[in-house]
Amino acid sequence: MDFEERVIAAYRSQCALPVNETWCRLSDAAHIVPDGEPDGTPTVDNGLALCKIHHSAFDQYIIGVTPDYQIKIRNDILNEIDGPMLTYGFQKLHDQKLILPKSKSSWPDRDRLDWRYGKFRQA
């Protein structure tokens, strides 16, 4: 199995974010530390299963995840007023916890999350 297949299997084909299942049907494997970085290994603990919209938002630092698995949404997005996708797909995720794989060995690596969260805070 490749990186994406292993990550999606660890998360049982669901998005790691606690949102309405019908909004997040197509899962991707998002790298916590990207490929080009020294710790950017293709291992399950360096990945999150995210639906396509949340994967893109994670890559653009709209969504961050603390080393304690708490979801953070960038302040400008929290303060934006728009429709239900913004409200329920992003704003209501703020301060929620990730849905983690059953196997603790597949949980996201806290050091990698710390590195990524530092990038999120700079954005």
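Some ground rules come before the residues. The model is predicted, so local features need pLDDT of at least 70 and side-chain atom pairs count only at pLDDT 80 or more, while totals for chains, interfaces and linings use all residues. Residues are numbered from 1 along each chain as its sequence is written, and side-chain values use heavy atoms, with hydrogens and water left out.

I start with V44. V44 sits in the loop between β1 (27–31) and β2 (47–51); strands are DSSP runs of E, at least two residues, and helices are runs of H or I, at least four, numbered from the N terminus. Is V44 buried or exposed? V44 is buried, because its relative accessible area is 14%, and buried means under 20%, exposed over 50%, partly exposed in between, with a 1.4 Å probe and protein chains only. Beyond its neighbours within four places in sequence, V44 is in contact with R6, V7, A10 and S106; contact means heavy atoms within 4.5 Å. V7 is 37 residues away along the chain, yet the two C-alpha atoms are separated by 5.2 Å.

The loop between β1 and β2 also holds E37. E37 is partly exposed, at 35% relative accessibility.

Next, backbone angles. Which value does phi of S13 take? Phi of S13 is near 60 degrees, which is positive, and S13 is not a glycine. S13 lies in the loop between α1 (3–10) and β1 and is partly exposed at 48%.

D95, also not a glycine, has a positive phi of about 75 degrees. D95 belongs to the loop between α4 (84–89) and α5 (110–122), and its 38% relative accessible area makes D95 partly exposed.
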